[in-house]
Amino acid sequence: MEIEAGRTDMKDTEVSVLGLGAMGRELARALLDAGHRVTVWNRTAARAEALAERGAVVAGSPGEAVGASPLTVVCLLDEDTVLQALDGVGAAGRAVVNLTNGTPEQARRVAELVRGQGGDYLDGGIMAVPPMIGGPHAFLYYSGSERVFREHRPLLDTFGAAHYKGEDPGAAALWDVALLSAMYGMFGGLLHAFALARSAGIDAGEVAGDVGAWLTAMGEAGPEYARRIDTGDHTTDVVSNLGMQAAGIRNVLATAEEQGVSTALLGPLADFMRLRLAGGDHAAEDLTGLVQLLAPGAETV
C-alpha cells in the first residue's frame, strides 16, 4: 500500500528520539542532518553527548522527551525496554513511532499501551544496518496509524524509503521478520561455504567473489519461487527438481563431514527434503514444495 505524504515541508519539525544505541544514534543524526529540532533520551546519558554538541536537546526522562515533541521515535533494545520507557509518559495527543525490532504481537502490545494513554501509534521495521540510515539503499516498513504515516511521511523518509503496510500495528514487524528470515538463511549458507573453503586451506576472501556472484544469480529465482507458492504449482517446467536437489544436498553434507565441518546449519534443510520425498510423489516438484511443510499445522515429525 503506497500513500502519498500529507505535508511536503517538514524542515524544523520537533521530534524526539528514545534510545541511542547504534541504530538510535543514526536515526537522531539523520534528523539533525535534515534540519529538525531533536530531543533525545537514553538511559545512559553519556551516549547523548555527541548529539548534544550538534544541537540536540537532552531530556532527563522518557516522559520529558515525549512531552517535548509532537512525534517521538523509539528505538530501544526490545519490547520490555520499550514498555518500561513508555509506561506513564503521557502520550495523549502525541504520535509514537516505534522502530524497535520485535514480533507482530509485541508491536500490538506497545500500540495498546500508547493508545491507552490517548496517543497515536505507528510501528516500523528498519531494513538497514546503522550506517545505511539516510542512504539510498535503506527502506523501512510501517503499519498502524495511517494518519501518522501520512502526516509525517517526509520525516520518515529521512531514514530511508517509507512503505506503509496497513492499519494492523503488527504488519510491519511481519514484513521485517520475513525479510530477515531470508537474510539469515543466506548468511547460514554463506558461513557454511566459508567453513568448507577454510577446511581445505583456502581463505574465505579467495572464494567470496564467486560466492557473491552465485548468490546474486540464484536470488533471481525469487519471483518464480513466489509464483509457484502463490499458485500451488510446484511441477510445471521445473529445472532442478526435488529428487535431484535432495541428492545434491547429500553430497554437500557428505563433503562437510569429510572435511570435519559441522552440518548444523544446512542439515535441517536436507531433513525437510527427505521428509517431503517420504510424504508422497513429490520428486518432480521444485524446491518450493517444501513450503507445505512450513505451513501452520503441518506435520514435520
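**Reading the features of a predicted model**

Colleague: At 68% relative accessibility, does Asp237 count as buried or exposed?

Modeller: Buried means under 20% relative accessible area, exposed over 50%, and partly exposed in between (1.4 Å probe, protein chains only). At 68%, Asp237 counts as exposed. This is a predicted model, in which local features need pLDDT of at least 70 and side-chain atom pairs pLDDT 80 or more, while totals for chains, interfaces and linings use all residues. Residues are numbered from 1 along each chain as its sequence is written, and side-chain values use heavy atoms, leaving out hydrogens and water.

Colleague: Where does Asp237 lie, and what is its phi?

Modeller: Helices (H or I, at least four residues) and strands (E, at least two) are DSSP runs, numbered from the N terminus. Asp237 sits in the loop that joins helix H9 (222-231) to helix H10 (242-259). Most residues other than glycine have a negative phi. Asp237 is not a glycine, yet its phi is positive, about 55°.

Colleague: How many aromatic pairs does a search of the whole structure find?

Modeller: Rings of Phe, Tyr and Trp (its six-membered ring) pair if their centres lie within 6.5 Å; planes under 30 degrees apart are stacked, over 60 edge-to-face, and the rest tilted. The search finds four pairs. One of them joins Phe139 to Tyr141 edge-to-face, at 5.6 Å between centres and 80° between planes. Phe139 is partly exposed at 25% relative accessibility, whereas Tyr141 is buried at 7%. Tyr141 also pairs with Trp175; that pair is tilted, with 5.2 Å between centres and 55° between planes.

Colleague: Which parts of the chain does the pair of Tyr141 and Trp175 tie together?

Modeller: Tyr141 belongs to strand E7 (residues 139-144) and Trp175 to helix H7 (residues 171-199), so the pair ties together parts that are 34 residues apart in sequence. Phe139, Tyr141 and Trp175 are linked by ring pairs into a cluster.

Colleague: Which residue lies over the face of Trp175?

Modeller: A charge sits over a ring if NZ of Lys or CZ of Arg is within 6 Å of the ring centre and within 35 degrees of the ring normal. Here Lys165 lies over the face of Trp175, 3.7 Å from the ring centre. Trp175 itself is partly exposed, at 39% relative accessible area.

Colleague: How many residues does the largest nonpolar core have?

Modeller: A nonpolar core is a set of buried Ala, Val, Leu, Ile, Met, Phe, Trp, Tyr and Cys residues joined through side-chain atoms within 4.5 Å. The largest has 34 residues, and Leu27, Val40, Leu99, Tyr142 and Phe159 have the most contacts inside it. Helix H1 (residues 22-33) supplies the largest share of this core, six residues. A second, separate core of 17 residues includes Trp41, Val82, Val89 and Tyr121.

Colleague: What is the place of Thr72, and is Thr72 buried or exposed?

Modeller: Thr72 is in strand E4 (residues 71-74). Its relative accessible area is 0%, so Thr72 is buried. Thr72 and Val40 are 32 residues apart along the chain, and their C-alpha atoms are separated by 9.4 Å.
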